[in-house]
Protein chains: 4
Amino acid sequence: MTLFGESHGKVVGTIVEGCPAGLPLGQEDIQRELDRRKPGHQLASGRRETDRVSLFDGTFNGKTTGGPLVVVIGNEDVDSSWYLKNQYVPRPGHSDYTAFEKYHGFNDFRGGGFFSGRMTAGMVMAGAVGKKLLSLHGIRITAHMLQIGCVEVEGKKNSQDPARLAEFASQSPVSCADLEKSGLMVAEIERAISAGDSLGGKIECVVTGLPVGVGEPLFDSTESVIAHAMLSIPAVKAIEFGSGFSLCGMKGSEANDAFQVEDGRITTKPNNSGGVLGGITNGMPLVFRVAVKPTPSIGMPQKSVDLRTREDAELRIEGRHDPCIAVRAVPVVEAMAAVCIADLMIIAQKIPRTLGD
Amino acid sequence: MTLFGESHGKVVGTIVEGCPAGLPLGQEDIQRELDRRKPGHQLASGRRETDRVSLFDGTFNGKTTGGPLVVVIGNEDVDSSWYLKNQYVPRPGHSDYTAFEKYHGFNDFRGGGFFSGRMTAGMVMAGAVGKKLLSLHGIRITAHMLQIGCVEVEGKKNSQDPARLAEFASQSPVSCADLEKSGLMVAEIERAISAGDSLGGKIECVVTGLPVGVGEPLFDSTESVIAHAMLSIPAVKAIEFGSGFSLCGMKGSEANDAFQVEDGRITTKPNNSGGVLGGITNGMPLVFRVAVKPTPSIGMPQKSVDLRTREDAELRIEGRHDPCIAVRAVPVVEAMAAVCIADLMIIAQKIPRTLGD
Amino acid sequence: MTLFGESHGKVVGTIVEGCPAGLPLGQEDIQRELDRRKPGHQLASGRRETDRVSLFDGTFNGKTTGGPLVVVIGNEDVDSSWYLKNQYVPRPGHSDYTAFEKYHGFNDFRGGGFFSGRMTAGMVMAGAVGKKLLSLHGIRITAHMLQIGCVEVEGKKNSQDPARLAEFASQSPVSCADLEKSGLMVAEIERAISAGDSLGGKIECVVTGLPVGVGEPLFDSTESVIAHAMLSIPAVKAIEFGSGFSLCGMKGSEANDAFQVEDGRITTKPNNSGGVLGGITNGMPLVFRVAVKPTPSIGMPQKSVDLRTREDAELRIEGRHDPCIAVRAVPVVEAMAAVCIADLMIIAQKIPRTLGD
Amino acid sequence: MTLFGESHGKVVGTIVEGCPAGLPLGQEDIQRELDRRKPGHQLASGRRETDRVSLFDGTFNGKTTGGPLVVVIGNEDVDSSWYLKNQYVPRPGHSDYTAFEKYHGFNDFRGGGFFSGRMTAGMVMAGAVGKKLLSLHGIRITAHMLQIGCVEVEGKKNSQDPARLAEFASQSPVSCADLEKSGLMVAEIERAISAGDSLGGKIECVVTGLPVGVGEPLFDSTESVIAHAMLSIPAVKAIEFGSGFSLCGMKGSEANDAFQVEDGRITTKPNNSGGVLGGITNGMPLVFRVAVKPTPSIGMPQKSVDLRTREDAELRIEGRHDPCIAVRAVPVVEAMAAVCIADLMIIAQKIPRTLGD
């Protein structure tokens, strides 16, 4: 996949190459995923993104042709005046400073340019294709919210049934499958809005239905490929597979997943490895969690510098922003997981190059 | 870089391509790094690896030629009889099962084949080249141990001086810069040895001297590239940059690093972002931590299955193994960081293709 | 660069990634190149392509931002009825048969889909960016026609001055710098039109102003990279560098280019190597020639097969088609050369990642 | 595949990654191919290369493991004194000058370093693996000599039976399947030896047994991939597919290959396209020809320059060299074709990732 576009440019979109021919695919498949990312309620930013998907090329008679898929959304006119006024005072936690230095000020700094969170719309659109392809092969990807600020879902996290996770998460405005915690998370976000502040969050993603043998040893391990993709999502700063950082404090006798035969299939108990051994899937659910930092745009005044004078400066960001970007990152995490896994499945020849064989 | 070799094959080695011409480099530069990985004391496995580096090609008159560097170590004869006897009973926590399924049993299962931890010797050798190159450009990479089992270094982790970190870590048999904790870690490991068990660990890596502007937006972000490499290291299951998973519980007003001018340079305070904003380095120390799972080979009997009969089986692993593989992973983490950063520096044209310009 | 679109889809376009920030670039730069590919006169196909370039993203204040450039042209409504009627009878010399087999009939066969010559519009648009970038670094790329059918430009081909070549070629409707031969070529094409037949052609490309040291040894040699790109252009079937196939019949004493010092610069005499030694540019003009096969769409009835019944069938292609596709391939060859050389220059660090340093 | 080594370094070798597990492979399979490249008779250079293959890793119980294959040959001690004496006077037609400029003199100039023709031994070793894999899938690759100096095989070149071509070519010291011409070629070479001169040659490669549908559209076309590889072979300066440059002078009605049904299979008549339409194989023999320039090392004195003083200089190359490097390039062309086609077959999922399914 290739992403293109800039926050205040004309379009944002994606090219998906290598999708097998013969996959039934329509604009509505992509629109449905994109709508999940929409800032449609009181918890999200004031920017109205009524994004309508255009699927330009790559399908014929309702099925993919084997050629590149081109999916685009237009950018509505947005007010760039704040950015023009504050061009030389980088927003803390944003890419403004590093982009200015790297591109000597030539980058489109308005709304973050191609560093903008809006680029994740392209990720979601590409992921919609991947999810459709994987669903035909019995693979299901479900991301849900584990933590927002100080509200955290407790208990054994990896063992839940993904269908139920998805069902409950879909009822929560913050995609939290624990509906009691979901309410507390909403309250936490409302408090942050009142304070002009923002919150971070932790998202878990569970992939079921994977065959054994996907992923390659060492540099193309399932974990390498997924970690690469997740850390390409703006604001994601960490990833752990299976029991992740908890493994640091475990003994081998606890951490090792024992093999067992269950209904003729080889499974492990528990699933501390998160479904991957030696970089290769073992048939258990693939489980990982990512950390999303708090939205860097906050209403409070912040300390910054003036890039021309190299003197200290104070910055006050205007407009409404997502109080918790993690909420909108949930479908993005699913999407990037879908793209990675579809790729690995094709490389491992578990999905044919042309469907309907 | 390309790795090659198998645990019980003839050699393990690496090819490093793209190293600038004109870098002073000798076998001793590589041997020194490799020796840090050596299982030379009572805390490590019984396998005697007196690895002697051979630098075959790629240097001339003591400097790199611009051509591929070839570095190899031989494998001494090792006893494969245990592996031959237990070929169809996969070790829990190892790649035995997934490799068997992926390669239909054709893989060299002895000692894990090319999934073996011994492949990390190739990583260390490639990293030695990267470290030498980076040191000429004022970049220093230091990894140290933060946690082994239940012993954890406390306090503000990201703010330490790397030269002092390296100095103290070098005095510790477990590379822990807090020498009091180091002693407790050693005791923890000794207890694990007695119990026939193993321990996980957490390693922090600090990179100083990086210029602003290294790394590319989105899919080649500094974090993506490093996460990809780290999760290619056998037994690494998680990575976090800067304040990582702690960011999930923070507010934006805490998490955002304020910009300031310090001695004419723009710096941030604190460094929750771990030196990366928008995927691009911001001139602050690059800080990340990885989780290393406990050595899966333990002395206790474990539950497994027989791959032929698909029935439950018990497995007892013989021989001595590293009680805490994290200890030997410290130079591997440094090495892979060095390779990634050298690559990103060359792509960003911060290091020339030929030195001495 | 990434190409997208299909002949009878909604758009054709290209994404250019990795273009240095700070390059002055407007839609008119791209439109100008695209117009050179236009089938605007009596020698070309009846399809009216009044292509208007849209430069969607990647520039700001008239300069590139460092982000991906997105350039698109719309496809006007074209009549697909002939293709629908003849879906199962592949046109000789086209990709119809191979695409049908590869994609099991799911490919968009109308007008050749993404195999269409129309995809070369995307190549030309990407090349316009490359040419602009290279021209700032003193590099000039000129392609001109050497042969159409039985009319061939004679004499020493490699030694001509590129500025004069370009000037004369621009006066010829077939881009032939020998204006007398140009007239004969036009007459040859008119005869082919009358006969309902088509013609092949040979194009030479000369690149001047290249520094010494561009290209990498072995697998990324200048010749490898350019040959790869040229043979991706539909209808190109051969490439030769310098004296090319003539070298097969030469002696070493003739073929070797002697080195000499000329105005303090090291040059060679002659330039049988076409400006490349060991895969690396030597500062002499880079010279190569490509063979373009005759347009496979001809008016005469042709022998084909029915893909359903696997029986012989006769095919009659309707509509007007370019009698000599080579004529329109001239700017495509320049464009792809520009993209390759810009890439190699950036890799060799002869062009900075951000301009205006 | 990755090549490593330098002409006067310790070893030359190759790493082959991605070879399916389960392929029967022994050192003798690789040695046999390598021996075909041996300068074993009076027509070749005086350098004695009694190369013994070492297959270090990547097989187990006589079959490939799925891991990287490492194949190495040692370099015997060779006399470097001539090169040390003439370090600053580049040999015409060689990479000496471009490498000196690119690497600022740090490159190993002895024998051409990693630009040496000796690197093609690594190509042949990798190709031996590809040929073995392809032969199991009914694919046969045969290269033979079409021209040396002024002696050229005439007649219809593409239609010959590959088994007979291979049989006759194997009886010729110059791999020419026309045994009468073979004798004339040998005489031509002997004349060149007497004159202290060298000769170029043209090699044709025929691949039979390919299924329909191999290769990808546009940038990964079969022609692009093979042209890329062929132009990475030192001394190769041109490539043409099917009727190649002859297509420039043809009419569409001649050039188009008509489809027909033959024994229930769809074939074309003739095969001007060389087995590729739209970048994708059409089931006909894949046919291409490459131009190999005359060995640049000749006995006669040549004009060069002194790189220190930038003044003209005369150069006299000592020692014996291959009078016609094309002779030894025949197995190299086969080898690189085998590597490319094996790759394309795996990508097209026509060869499984693990054999014995």
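**View 1. Asn61(D) sits in the loop between β4 (59-60) and β5 (63-64) of chain D.** Asn61(D) isn't a glycine, yet its phi is positive, at about 55 degrees. Strands here, like helices, are DSSP runs numbered from the N terminus (E, at least two residues, for strands; H or I, at least four, for helices). A word on the source: this is a predicted model, where local features need pLDDT of at least 70 and side-chain atom pairs count only at pLDDT 80 or more, while totals for chains, interfaces and linings use all residues. Residues are numbered from 1 along each chain as its sequence is written, chains are lettered from A and ligands numbered from 1 in the order in which they are written, and side-chain values use heavy atoms, with hydrogens and water left out.

**View 2. A cis peptide bond joins Lys269(C) and Pro270(C).** Omega for this bond is about -5 degrees. Pro270(C) belongs to the loop between β12 (265-269) and β13 (276-277) of chain C. Pro270(D) is in the loop between β12 (265-269) and β13 (276-277) of chain D.

**View 3. Chain A meets chain B.** Here 93 residues of chain A are in contact with 93 residues of chain B (heavy atoms within 4.5 Å). Together the two chains bury about 7,100 Å², 67% of it on carbon and sulfur atoms; buried area is the accessible area (1.4 Å probe) that two parts lose on being put together, summed over both. Look for Phe219(A), Lys237(A) and Phe259(A): they supply 12% of the area that chain A buries against chain B, more than any other three residues.

**View 4. Four salt bridges cross the interface of chain A and chain B.** The rule asks for a side-chain nitrogen of Lys or Arg within 4 Å of a carboxyl oxygen of Asp or Glu. One to zoom in on is Lys102(B) with Glu216(A), whose closest N and O atoms are 3.1 Å apart.

**View 5. β10 of chain A pairs with β10 of chain B.** Both strands cover residues 236-241, and they run antiparallel over three bridges. Strands count as paired if DSSP finds at least two bridges between them. Opposite Glu240(A) you'll find Ala238(B) in β10(B).

**View 6. Chain C has an open sheet of four strands in the order β1-β2-β6-β3.** The pairing is antiparallel. β1 (2-5) and β3 (54-57) of chain C are at the edges with a single partner strand each, so one side of each has no neighbour in the sheet. From one strand to the next, the twist averages 20 degrees; axes are lines fitted to C-alpha atoms, for helices over the stretch in contact, and angles run from 0 to 180 degrees between N-to-C directions. Four bridges join β1(C) to β2 (residues 11-16), and Leu3(C) has Thr14(C) as its bridge partner in β2(C). Across β1, β2 and β6 (69-74) of chain C lies helix α4 (residues 120-136), running at about 35 degrees to β2(C).

**View 7. β16 and β17 of chain A make a hairpin.** β16 (residues 302-306) and β17 (residues 311-315) pair in the antiparallel sense over five bridges. Lys303(A) stands opposite Glu314(A) in β17(A). Four residues lie between the strands, and Arg310(A) in the turn has a positive phi of about 55 degrees.
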